[in-house]
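This report describes selected features of one protein model. Please examine the sequence and the structure shown below before reading on.

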Amino acid sequence: MATENKLKTGDGPAINGFAAHAQTTSTLLRVDGLTVAYGDQTVVHDVSFELARGQSLALIGESGSGKTTIARTVLRLLPPEARVKAGQIKFNRQDVLELGERQFRPLRGRELGFVPQDPSNALNAVRTIGSQALEAAALLAEGDAAARRERVLETFRQVGLTDPDRVYASYPHQLSGGMLQRVLIGLAVLPRPALIVADEPTSGLDVTIQKRILDLFAELKESLGIGVLFITHDLAVAAERADALLVLKDGVVQERGPAAQVFAAPTSEYARELQADVPAVNPDRYRAADPDQAQSQAKSRAKSQAQGEAPSGASQIEVRSLSKTFTVGDRTVRAVDDISFTVRRGSTHALVGESGSGKTTAARLLLGLERPDAGEIIIGDQSVRAHSRGQWRILRRHLQLVYQNPFTSLDPTWRLERIVREPLDRYRVGGKAERVERVKEVLAAVGLSESLLHRRPTHLSGGQRQRVAIARALVLRPDVVVLDEPTSALDVTVQAGIIELLFRLQRELGLTYLFVSHDLSLVRQLADTVSVLQGGRVVEDGPVQEIFTRPRHPYTEALLDAIPALPR
Amino acid sequence: MSIAIAPRPAQPPARRLTAAARSAFTTVPPSVLLSFIVVLIVLLWSLFPALFTSYSAVTANPADKFLGPGAQHWLGTDDLGRDEFARVVYGARSSVGTAVVAVAIGLFAGGLIGLLAGFVGGWVDAVLGRLVDTLLAIPGFLLAVVVVTGLGFTTLNAAIATGIASVAIFARLMRAETLKVRHSVFVESSYLQGGSRNYVLFRHVLPNAYRSVVALAVLQLGSAIIVIAALAFLGYGSPPPASDWGLLVAAGQNDATAPWLVYGPAIVIVITVLSINRISRWLRKTS
């Protein structure tokens with residue numbers, strides 16, 4: 001098998017270094033030749049790895065790579081239709097797969113901790129954090145209720161919850177995502193386990209909070225000597241945080257070894273591809289790959305100026321002192337507070353910030369999905385303040401949106417051809433034959449095969465769906481496309497493909513992008529200018545290069561700091 | 001990077017249809033298949049009763065009165081010597097047919113109210129919501145009895161009455177489903193794509209909202225059969241010699257010596273309703 005060969009070639013120094021390391025400390029978890037299948041579909045092929053006490057190992061792969069299945073097998077939480085076909089899992093020299101349920105139960109939650117992916121769904125919404133934590137503490141069977149409570153509060157303090165008493169009395173909905181994740185980590189740490197399995201512990205969280213949670217894991221590993229098994233799709237995070245990496249694709253190990261080594265010099269083709277697709281690794285990837293693009297852009301800019309257009313004529317979008325307040329119950333929230341920015345024709349402007357920074361609201365105001373309380377939006381050369389519904393309809397022909405989540409933005413009952421044709425039908429562009437022709441044309445432009453024309457969205461992958469959404473936005477040949485976190489629901493390699501596509505389309509069609517994102521490394525790759533938002537206000541703006549090399553505002557610095565520092 | 005695109009040759013429609021039929025036979029549980037067969041037979045009874053029995057449902061034949069169930073008369077004969085099975089078969093049209101009418105009234109009136117309330121919102125939702133609340137506050141069976149008394153004692157009026165009584169249930173479910181779809185991202189996206197309100201309502205919202213309402217309609221069909229049988233049993237339907245299933249049970253209980261006159265039609269009602277409920281539960285699980 002080709003993969004085996006690949007493994008052998010990659011084995012040499014990497015495995016030796018890895019094994020030498022493992023010998024010095026005692027082995028905590030050892031997985032040997034694990035093969036797991038759902039029905040007759042094998043999702044994990046012959047996977048082996050070792051994790052030493054107090055060390056961390058990251059399983060890296062895209063969705064469908066089998067990483068979560070491995071974690072669930074270790075915890076014996078596989079769904080009933082899954083079967084372990086071969087292999088052994090030794091935890092503290094006990095064979096996890098051979099133990100009876102009665103013997104295993106004392107391990108799970110005591111020796112083996114688990115931090116789930118989505119903190120907002122992992123706790124019971126109608127009970128206080130404290131009552132749920134006490135339940136976990138009761139498993140330890142030590143001391144009375146007061147002692148347990150003290151123990152819980154102490155653990156909460158340990159995981160960096162500054163006000164443990166308040167957290168203890170709160171219901172899950174009263175805490176933020178970051179705090180909930182800390183609570184869950186606290187619950188996992190409470191019984192002093194030897195191993196914590198963390199399944200994408202930071203994927204739903206803001207970047208600065210992600211950094212703090214990862215710091216917390218590192219700290220717990222150091223101070224309590226807990227082994228950590230990370231499951232993640234984010235190679236950059238894994239490389240920065242784990243001692244060793246295991247790269248998976250379609251359930252097969254592609255590469256393994258110490259984190260710094262795998263990341264700096266990946267030997268397998270897949271790991272190399274993954275590494276190249278991490279936006280933080282080469283911020284100038286697309287610009288560098290296309291030397292004549294900068295030239296042609298400069299040329300067209302010079303041309304437009306030569307034709308006597310005023311410098312302001314080159315601005316496609318201008319936003320002046322935009323404000324929007326939402327009233328939720330008796331609280332008013334200033335979602336967008338006096339924001340101004342300008343986007344040049346044919347360039348990309350990014351709105352960057354964490355959740356609640358007002359970046360999405362600003363984009364929705366621009367699209368006319370919300371009405372601003374104050375301020376002015378000028379698109380092309382017209383102010384949209386007094387636009388009627390009909391005028392907005394005309395304007396939107398040139399102003400399109402690509403949503404964050406391609407799994408919800410396409411009607412599941414429609415077929416692909418009709419989805420992409422919808423804007424043409426609505427704006428009555430051309431005859432029937434011409435519409436079909438344009439649909440085919442735009443699908444080719446976004447790299448989708450014509451054989452998919454009659455599929456429903458449910459039969460497409462995430463990347464394909466986002467390409468469909470982009471095709472739908474482009475089929476009217478708009479001037480401006482608003483991209484609302486267009487890749488945050490996608491895997492890294494798929495993300496790289498979409499970003500590359502966006503670049504190419506901008507070059508070919510002269511599109512203007514407004515790019516809304518929380519991911520600074522991605523912004524650095526894609527955008528020309530950037531506005532950094534915090535709490536509805538612009539804290540800093542300017543050309544991307546300048547912001548990234550010389551941030552002036554502490555918040556921008558914090559955001560930049562949260563980009564995983566890559567081992568060199 | 002590349003996205004794997006599996007080229008799948010387009011199937012001719014005929015082959016696709018047979019493939020769909022084959023997959024239906026392998027994925028549908030046997031109890032559901034059996035239920036479908038029962039419902040199909042009952043539907044055929046109501047459409048072509050003469051194909052299933054050679055006896056007349058109305059002509060009296062006093063010589064044969066009160067014969068027990070046997071090879072000649074599967075469900076025996078009644079006090080006038082009429083074949084009970086023939087009466088059940090001929091009664092299917094008014095029993096099942098009126099149930100279908102009842103559900104259709106509830107489905108269309110309730111569906112429309114729910115769709116409008118959910119999609120338009122605001123004061124329309126408030127007004128329609130109170131109307132539905134009022135309907136829900138009146139016991140359905142009582143409402144049906146009142147309507148039949150007002151309109152006249154025929155089975156069709158019983159159907160209208162039952163339909164009106166179920167409007168509220170359909171309206172509530174349709175409203176909930178519509179609300180869910182109305183706030184989904186692809187609906188907003190359709191507005192951005194230049195879609196008008198009517199367009200979005202009928203092309204995006206309705207196709208995504210109707211499924212569970214249809215499953216409810218099938219469930220309601222079962223209970224409508226029971227309600228209409230009960231109305232007929234109490235005399236709120238067409239008078240004899242009509243042979244509504246509920247009327248047959250009512251007539252049968254007069255003759256204690258011939259218990260098959262009660263059990264025959266009663267068992268037919270039970271089997272039909274159970275089959276419909278099974279189908280509805282399966283629909284709800286798969287939709």
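Which residues does Ile499(A) touch, not counting residues up to four places away in sequence? Ile499(A) touches Tyr286(A), Thr487(A), Leu522(A) and Leu526(A), where contact means heavy atoms within 4.5 Å. This is a predicted model, in which local features need pLDDT of at least 70, side-chain atom pairs count only at pLDDT 80 or more, and totals for chains, interfaces and linings use all residues. Residues are numbered from 1 along each chain as its sequence is written, chains are lettered from A and ligands numbered from 1 in the order in which they are written, and side-chain values use heavy atoms, with hydrogens and water left out.

Ile499(A) belongs to helix H19 (residues 492-509) of chain A; helices (H or I, at least four residues) and strands (E, at least two) are DSSP runs, numbered from the N terminus. Because its relative accessibility is 0%, Ile499(A) counts as buried, a term for under 20% relative accessible area (1.4 Å probe, protein chains only). Its C-alpha atom is separated by 8.2 Å from that of Thr487(A), 12 residues away along the chain.

Chain A also contains an open sheet of four strands in the order S12-S11-S14-S15, with antiparallel pairing; two strands pair if DSSP finds at least two bridges between them. The edge strands, S12(A) and S15(A), each pair on one side only. S11(A) and S12(A) pair over 10 bridges, and Thr325(A) has Arg334(A) in S12(A) as its bridge partner.

| Strand | Residues |
|---|---|
| S11(A) | 315-328 |
| S12(A) | 331-344 |
| S15(A) | 382-383 |

Terms used:
Buried < 20%, exposed > 50% of the residue type's maximum accessible area, 1.4 Å probe, protein only.
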